[in-house]
Amino acid sequence: EKGTYPHYMLKEIDEQPLVIRKIVEEYRNENGVLSIDEEILAAMNEADRIYIIAAGTSYHAGLVGKQFIEKMAKIAVEVHISSEFGYNTPLLSERPLFVFISQSGETADSRAVLVKVKELGYKALTITNVPGSTLSREADYTLLLHAGPEIAVASTKAYTAQLAVLAILAEVTAVSRGFKPEMDLSKELGIIANAMEVLCDEKDEFESIAREFLTVTRNCFFIGRGIDFYVGLEGALKLKEISYIQAEGFAGGELKHGTIALIEEGTPVIALATQESVNLSIRGNVKEVVARGAYPCIISMKGLDMNGDSFVLPEVHELLTPLISVVPLQLISYYAALHRGCDVDKPRNLAKSVTVE
Ligand code: F6R
C-alpha cells in the first residue's frame, strides 16, 4: 500500500535506505560477515568470464556491476542487452558463467537467453526481487534483492538493490579468491544508506531543480565519465519513461564526436562528477556544452565540488557512488513528470513486466 504517499514511485525511492540495510542484514552470516552461497562462489571462481544479461534499468545496473566484479574480484565481465544477445551472440569464452539481472524475474527477452544458455549446458545465476519467478526457477542459482514489491513502472529501489547485491557478490568473490578486500563493504553500505536518507530529506531541492530545468524543455542530456556515464544512462531512462522528455545519456568525451550538435540555447545538461580521476575532464565537457548555450546542472560529490554546482552529494566510497548519485536523478525525474502532469506510476505505453519478446 502506498499509505500517505501520492505515488508508489516516491514511496519506493524513500524505501531505498531501508532496502540497503535489509540487504546487508540478509547477506550477513552468523558471524556478521557478508557471505554468499558456496555453490555460487564456486561457479564464480570456475568462470573465466562472466556474461551479464539484462534489459532496461537492470541492464544499467549490470554496467555498474561489471565495474564492481572486474575491480574487486578481477574476473572479466561482458554486459549484454537480453534482446540483442540471442540474435547477435558473441564469441563465448571457454568457461562462461551467465548472470541474469531482473527485478521481476519474468522478462521474456532475458528468459529466451536463459533457455538458450541452458541448452548449451552453461551455468546461470539469477539476481531477482521475486523468489520463485521464472528466471529464478530456471537458473542454477538465485540471489534475492530483498527490496519488497516494486509497484511503480519506473524501477528505483530495485536498481539500487541490484547494485548492492552485485557489490556483495563482487566483494565476497574477491575474498574467496584471496584478494585483499577493496573496502569494509558492510560498513560502506551503511554509509550509503545514511547518505540516501540525507538525499531523501532534500526533496525540495530536487523539486526546484526539476522546475528550473525541466518544466518546458523538449529534451535533456545526461553526461558523465566512467560509472557516472552509466548512472547518466539510467537517469535518462527514468526521465524519458515517466516525463516523455527526450533524454539521452552520453559519455562526456564522446560529445564532440557528434552529439554536441544537438546543444541549443537553453538545452538542459545534467552532469555527474563523482569520480576524482575524471573530475576535471567532465568539467571540461560541461564548459564545451555551456559555450554552445547549454544550461548546466552539475551534481558532484563532496570533496570534488566546485563553485556553482547545483547539488553536492554526501561523500561515499568512490566505487559505490552510483547507489547515491542515482537518487537525485530519480527524484528529479519524478518531479519533472509531476510538474508536466504525467501519470507517474503508470506511464503511457509501458508495462511493469515485459513478458513478450
Ligand atoms: C525502467 C524499467 C525497465 C525494466 C526492464 C527489465 O524503469 O523498469 O527498463 O528495468 O523492463 O525488467 P526486469 O528487471 O524485471 O527484467
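Me: Is threonine 57 buried or exposed?
Reply: In this predicted model, local features need pLDDT of at least 70 and side-chain atom pairs count only at pLDDT 80 or more, while totals for chains, interfaces and linings use all residues. Residues are numbered from 1 along each chain as its sequence is written, and side-chain values use heavy atoms, with hydrogens and water left out. The cut-offs for accessible area, with a 1.4 Å probe and protein chains only, are under 20% relative for buried, over 50% for exposed and partly exposed in between. Threonine 57 has a relative accessible area of 8%, so the word for it is buried.

Me: Which helix does threonine 57 lie in?
Reply: Helices here are DSSP runs (H or I, at least four residues; strands are E, at least two), numbered from the N terminus. The run that covers residues 56-73 takes in threonine 57, and that's helix H4.

Me: Which residues does threonine 57 touch, leaving out those up to four places away in sequence?
Reply: Contact means heavy atoms within 4.5 Å. On that basis, threonine 57 touches Ser155, Tyr159, Gln162, Glu234, Leu237 and Lys238.

Me: How are H8 and H9 oriented to each other?
Reply: Axes are lines fitted to C-alpha atoms, for helices over the stretch in contact, and angles run from 0 to 180 degrees between N-to-C directions. Helix H8 (residues 157-176) and helix H9 (residues 185-200) cross at roughly 165°, their axes coming within 11 Å. Under 35 degrees counts as roughly parallel, over 145 as roughly antiparallel, 65 to 115 as roughly perpendicular and the rest as oblique. H8 and H9 are therefore roughly antiparallel.

Me: And H10 with H13, what's the word for that pair?
Reply: Helix H10 (residues 203-214) and helix H13 (residues 322-339) have axes 8 Å apart and pack at about 60°. So H10 and H13 come out as oblique.

Me: Which residues of H13 make that contact?
Reply: On the H10 side you'll find Lys203, Phe206, Glu207, Ile209, Ala210, Arg211 and Leu214. Across from them, H13 brings Pro328, Leu331, Ile332, Tyr335, Ala336 and His339.

Me: What are the edge strands of the open sheet?
Reply: Its 5 strands run in the order E7-E6-E8-E9-E10, with parallel pairing; two strands pair if DSSP finds at least two bridges between them. Each edge strand pairs on one side only, and the two are E7 (246-251) and E10 (311-313).

Me: Which residue in E8 stands opposite phenylalanine 221?
Reply: Strand E6 (residues 219-224) pairs with strand E8 (residues 268-273) in the parallel sense over 3 bridges. Opposite phenylalanine 221 stands valine 269.
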